[in-house]
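Q: Could you take me through this model feature by feature, giving the general idea of each before the particular case?

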Amino acid sequence: MEGLCATVTDYPKPGIVFQDLTPVFANGPALKQVVDAIVCAFAGKFDAVAGVEARGFLLAAAAAYATGTGVITIRKAGKLPREVLSESYSLEYGEATLELHQGDVPAGTRVLILDDVLATGGTLGAAAALLERTGAVVAGVGVVLEIDGLPGRANLAGHEVLSLLHV
């Protein structure tokens with residue numbers, strides 16, 4: 001799995017080093033290894049899996065299918081057709097907003113949040129805040145890759161975080 005990650009410099013803006021995990025997702029055995037590792041680490045601790053747009057959708061759908069749980073989509077602003085809750089946050093290269101349909105997550109639901117990379121923690125922190133506003137319980141956060149030296153883990157204080165790889 002380690003040799004499959006592609007590093008792209010100056011994307012999406014100059015100075016950013018983007019870790020592209022799409023080659024991992026395109027490799028069946030690697031994808032299975034990733035999903036199995038995350039699901040195993042959180043076994044019995046969640047009722048649903050939330051994926052953060054867009055690569056988190058891939059992981060969340062696979063994990064939900066593997067465990068027979070539901071999948072929740074946390075989207076970028078303006079993509080959902082019904083009433084939403086919104087949460088704005090800072091990225092290492094700007095500002096963004098995530099949204100979640102109101103009423104999609106019953107209070108008390110234990111939700112595992114999945115995404116591809118943990119960098120500053122802004123995106124995953126906003127996803128956790130959205131879910132907690134619905135009354136859901138964040139069961140944990142799982143990522144394939146964590147970028148060391150950035151405050152991602154600190155920005156998710158109070159949540160169990162699993163990173164399969166560190167760079």
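Q: In what order do the seven strands of the open sheet stand, and what is the pairing?
A: Strands here are DSSP runs of E with at least two residues, helices are runs of H or I with at least four, and both are numbered from the N terminus; two strands pair if DSSP finds at least two bridges between them. In this predicted model, local features need pLDDT of at least 70 and side-chain atom pairs count only at pLDDT 80 or more, whereas totals for chains, interfaces and linings use all residues. Residues are numbered from 1 along each chain as its sequence is written, and side-chain values use heavy atoms, with hydrogens and water left out. The seven strands form an open sheet in the order 5-6-4-3-7-8-9, with mixed pairing. Strand 5 (84-91) and strand 9 (161-166) stand at the edges, and because each has a single partner strand, one side of each is left without a neighbour in the sheet. From one strand to the next the twist averages 25 degrees, where axes are lines fitted to C-alpha atoms (for helices over the stretch in contact) and angles run from 0 to 180 degrees between N-to-C directions.

Q: In which sense do strand 3 and strand 4 pair, and over how many bridges?
A: Strand 3 (residues 48-52) and strand 4 (residues 70-76) are paired in the parallel sense over five bridges. Within this pairing, A48 stands opposite G70 in strand 4. The chain passes from strand 3 through helix 3 (residues 55-67) to strand 4, and this β-α-β crossover is right-handed, a term that applies if, with the strands pointing away from the viewer, the path from the first strand over the helix to the second runs clockwise. Strand 4 is also joined to strand 6 by two bridges, and these strands run antiparallel; here R75 stands opposite E99 in strand 6.

Q: Which strands does helix 2 lie across?
A: Contact means heavy atoms within 4.5 Å. Helix 2 (residues 28-41) lies across strand 7 (110-118), strand 8 (137-146) and strand 9, and runs at about 150 degrees to strand 9. Helix 4 (residues 122-133) also packs on the sheet, where it touches strand 3, strand 4, strand 5, strand 6 (94-101), strand 7 and strand 8, with its direction making about 155 degrees with that of strand 5.

Q: Is D116 buried or exposed?
A: A residue is called buried under 20% relative accessible area, exposed over 50%, and partly exposed in between (1.4 Å probe, protein chains only). D116, which lies in strand 7, has a relative accessible area of 4% and is therefore buried. Leaving aside neighbours within four places in sequence, D116 is in contact with L21, F25, R55, L59, V143, V144 and L145.

Q: With which side chain does the side chain of D116 make a polar contact?
A: A polar contact is a pair of N or O atoms within 3.5 Å; within protein, one must be able to donate a hydrogen and the other to accept it, and residues adjacent in sequence count only if both atoms are side-chain atoms. The side chain of D116 makes such a contact with the side chain of R55, at 2.5 Å. In strand 9, H166 has a polar contact of 2.8 Å between its side chain and that of D148. H166 is partly exposed, with a relative accessible area of 44%.

Q: What describes a pair of aromatic rings?
A: Such a pair is described by the distance of the centres and the angle of the planes. Rings of Phe, Tyr and Trp (its six-membered ring) pair if their centres lie within 6.5 Å, and planes under 30 degrees apart count as stacked, over 60 as edge-to-face and the rest as tilted. The structure holds one aromatic pair: Y11 and F18 are edge-to-face, 5.2 Å centre to centre with 80 degrees between the planes. Y11 is partly exposed at 46% relative accessibility, whereas F18 is buried at 19%.

Q: Where in the backbone is the peptide bond cis?
A: Most residues other than glycine have a negative phi, and most peptide bonds are trans. The bond from Y11 to P12 is cis, with omega near 0 degrees, and P12 is placed in the loop between strand 1 (6-9) and strand 2 (17-20). The bond from E53 to A54 is cis as well, with omega near -5 degrees. D10 has a positive phi, near 60 degrees.
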